[in-house]
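The sequence and structure follow.

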Amino acid sequence: MPVKIRLQRHGKKGKPFYWIVAADSRAKRDGKFLEKLGTYNPNTNPATINLNIDGSVQWLNNGAQPTDTARAILSYKGVLLKHHLLGGVRKGALTEEQAEEKFNAWIAEKEAAVQAKKDGLSKADAEARAKALEAEKEVSNKRAAAALPEVEEEVVEESAPVVEEANAETAEAPEAAAEVKEEVAEPEAKAEEAAPAEEASKEKE
């Protein structure tokens with residue numbers, strides 16, 4: 001029975017999510033499978049892959065053939081490398097310890113490269129957000145600067161009647177003061193006129 005290692009589609013429309021399975025090559029793509037080997041999520045950056053490496057190597061040893069996409073995933077996770085190293089062990093070119101050491105060194109290097117990519121993406125995302133925030137602040141400042149003259153004109157227009165009223169009151173103040181002086185001066189003049197008459201009447205007496 002020919003066996004294929006391939007992807008089986010799951011997930012929502014527009015957001016596919018795949019299972020990595022070993023299945024009979026005659027079965028439908030999304031039909032029955034012999035074993036689920038892992039998952040593949042292309043919606044993240046970088047893509048998220050969970051894979052049973054030993055199980056995948058075992059199926060390769062049993063003659064399973066991966067599809068092109070599945071082969072790329074197996075290569076990315078080191079399955080093909082481990083399969084190659086185990087072939088060297090079977091031929092006597094390597095010991096199991098040497099093969100394991102080489103595989104672990106490759107895994108460590110791969111994880112470092114993936115982590116560096118994640119850090120680079122995070123940094124780029126942070127820089128993009130900072131630039132967007134600066135651009136938004138600049139636009140807000142321009143809007144505020146454009147609105148400021150209009151606000152000043154409105155304040156001037158609103159304060160104009162108050163200023164005119166104050167000026168009018170200031171202009172009327174001297175006239176009012178003059179009227180008060182006249183009102184005060186009239187009783188004083190009458191008092192001065194009455195004083196000589198009173199003195200003359202006292203002298204006659």
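## Orientation of the pair

The axes of helix α1 (residues 53–61) and helix α3 (residues 79–91) cross at roughly 60° and come within 9 Å. Axes are lines fitted to C-alpha atoms over the stretch in contact, with angles from 0 to 180 degrees between N-to-C directions. The crossing is right-handed, that is, the near helix is turned clockwise from the far one by less than a right angle.

## Contact residues

On α1 the contact (heavy atoms within 4.5 Å) involves I53, D54, S56, V57, L60 and N61, and on α3 V79, L80, K82, H83, L86 and R90. By class, six of these residues are nonpolar, three polar and three charged.

## Helix α1

G55, S56, V57, W59 and L60 are the buried residues of α1, with buried meaning under 20% relative accessible area for a 1.4 Å probe, protein chains only. At the helix start, a side-chain oxygen of N52 lies within 3.5 Å of the backbone nitrogen of D54. Just after α1, G63 has a positive phi of about 100°.

## Fold and basis

The protein has four helices and five strands, taken as DSSP runs (H or I, at least four residues; E, at least two). Their order along the sequence is β-β-β-β-α-β-α-α-α. Of the 205 residues, 20% count as buried.

The model is predicted, with local features needing pLDDT of at least 70 and side-chain atom pairs counting only at 80 or more, while totals for chains, interfaces and linings use all residues. Residues are numbered from 1 along each chain as its sequence is written, and side-chain values use heavy atoms, leaving out hydrogens and water.

Key:
Ala, Val, Leu, Ile, Met, Phe, Trp, Tyr, Cys and Pro count as nonpolar, Asp, Glu, Lys and Arg as charged, and the others, Gly among them, as polar. Buried means under 20% relative accessible area, exposed over 50%, partly exposed in between (1.4 Å probe, protein chains only). A polar contact is a pair of N or O atoms within 3.5 Å; within protein, one must be able to donate a hydrogen and the other to accept it, and residues adjacent in sequence count only if both atoms are side-chain atoms.
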